[in-house]
Amino acid sequence: MIIVLFGPPGSGKGTQAKLLAERYGVPHISTGDILRENIKNETELGLKAKTYMDKGELVPDDVLIGLIKDRLSQSDGASGFLLDGYPRTLPQAETLSKILSELGKSLDVVLNIDVPAEKLLNRLAGRRMCVCGASYHISFNKPKQAGICDLCGSKLYHRDDDKEEAIMNRLDVYKNQTQPLIDHYTQAGVMLTINGAADIVVVFNEICRMLDDFGHV
Ligand code: AP5
Ligand code: MG
């Protein structure tokens with residue numbers, strides 16, 4: 001089962017990927033999370049990526065390509081994985097298809113999480129993250145104790161690119177560079193669109209139902 005979680009910033013890719021990874025026992029591979037980990041560890045790759053990410057721009061392909069190839073080749077993905085945030089452009093879709101074919105694999109489903117633009121700003125501005133990878137929302141997905149992670153007790157933080165100016169740029173980048181992939185994957189016959197505007201659990205149950213119907217899990 002190789003699934004791409006697709007959708008605009010704030011649509012719920014990471015939230016749903018975590019739940020799906022638990023349910024189906026496959027790794028959640030998020031390019032955004034891997035890049036943030038590199039920034040935290042001050043790697044050369046992280047330093048290069050940070051200038052783009054803080055502005056809400058896409059990180060150039062030459063920075064990403066080695067990272068994605070390495071990650072997809074690791075043994076934990078032998079029986080499948082959930083790819084969150086990659087691909088985001090047509091050249092990246094072509095790269096992905098090439099990497100998968102070199103590994104003797106192919107993409108099963110692209111889950112397009114569809115959320116009206118007016119909801120996204122609020123979701124992102126209210127998101128709070130934990131260093132352990134958990135993610136919350138100040139209204140829609142509150143931690144038990146405000147500002148503290150339920151899982152590890154660390155203090156939650158606001159992502160640098162969840163400030164209004166960077167959010168607006170990310171939404172533009174999505175519209176201009178990523179949204180065209182919907183046609184690409186629809187034509188390839190692998191696109192499933194989900195209404196992502198409902199509550200987290202409702203969206204999750206709908207995705208599971210669609211995947212079970214699709215017969216790939
Ligand atoms: P990335 O980390 O992938 O960010 P993104 O695509 O902007 O998406 P987000 O993580 O912001 O949103 P999400 O869809 O995961 O939503 P979430 O589940 O958290 O990428 C960051 C940056 O890295 C990019 O801008 C770029 O610079 C770089 N990058 C990454 N991949 C790249 C690539 N392939 N090429 C080039 N550059 C790349 O949910 C959001 C909030 O809403 C949370 O608070 C959550 O609790 C809440 N929420 C979720 N679902 C619901 C719901 N159903 N109802 C109510 N609230 C909800
Ligand atoms: Mg995410």
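Predicted model: local features only at pLDDT ≥ 70, side-chain atom pairs only at ≥ 80, totals over all residues.
Helices here are DSSP runs of H or I with at least four residues and strands are DSSP runs of E with at least two, both numbered from the N terminus.

Residues are numbered from 1 along each chain as its sequence is written, chains are lettered from A and ligands numbered from 1 in the order in which they are written, and side-chain values use heavy atoms, with hydrogens and water left out.

Let me begin with the whole protein. The protein has nine helices and seven strands. Its radius of gyration, taken over C-alpha atoms, is 17 Å, close to the 17 Å that the globule rule gives for 217 residues, so the protein is as compact as a globular protein of that length; the rule itself is 2.2 Å times the number of residues to the power 0.38. Along the principal axes, the C-alpha trace spans about 45 × 40 × 35 Å. The accessible surface comes to about 11,100 Å², and 50% of that belongs to carbon and sulfur atoms, the areas coming from the Shrake-Rupley method with a 1.4 Å probe and, for residues, with only the protein chains shown counting as cover. Of the 217 residues, 45% are buried, where buried means under 20% relative accessible area, exposed means over 50% and partly exposed lies in between, again with a 1.4 Å probe and protein chains only. If we take contact to mean heavy atoms within 4.5 Å, then among contacts between residues at least 6 apart in sequence, 69% join residues at least 24 apart.

Now to the strands, where I call two strands paired if DSSP finds at least two bridges between them. Strand S1 pairs with S3 in the parallel sense over four bridges, and within that pairing Ile-2 has Phe-81 as its bridge partner in S3. Strand S2, residues 28-30, also pairs with S3 in the parallel sense, over three bridges, with Ser-30 standing opposite Asp-84. On the S4 side, S1 and S4 pair in the parallel sense over four bridges, with Phe-6 opposite Asn-112, and S4 in turn pairs in the parallel sense with strand S7, residues 191-195, over five bridges, where Val-110 stands opposite Met-191. Five of the six residues of S4, which covers residues 109-114, are buried, so this strand is largely enclosed by the rest of the structure.

What lies to either side of S3? Phe-81 and Leu-83 point one way from the strand and Leu-82 and Asp-84 the other way, and all are buried. Leu-83 leads us into the largest nonpolar core, which has 27 residues, and those with the most contacts inside it are Leu-72, Leu-83, Leu-96, Val-110 and Tyr-185; by such a core I mean a set of buried Ala, Val, Leu, Ile, Met, Phe, Trp, Tyr and Cys residues joined through side-chain atoms within 4.5 Å. Among the elements that each supply at least two residues of this core are S1, H3, H5 and H8, while H4 gives the most, with five residues. Leaving aside neighbours within four places in sequence, Leu-83 is in contact with Ile-3, Val-4, Leu-5, Ile-29, Ile-68, Leu-72 and Leu-96. Apart from this core lies another, of 25 residues, among them Met-1, Leu-5, Ile-113 and Val-115.

A search of the whole structure finds one aromatic pair, rings of Phe, Tyr and Trp (its six-membered ring) being paired if their centres lie within 6.5 Å, with planes under 30 degrees apart counted as stacked, over 60 as edge-to-face and the rest as tilted. The pair is Phe-6 with Tyr-174, and it is tilted, at 6.1 Å centre to centre and 55° between the planes. It links distant parts of the chain, Phe-6 being in S1 and Tyr-174 in helix H7, 168 residues apart.

Leaving aside neighbours within four places in sequence, Lys-55 is in contact with Ala-166 and Asn-169.
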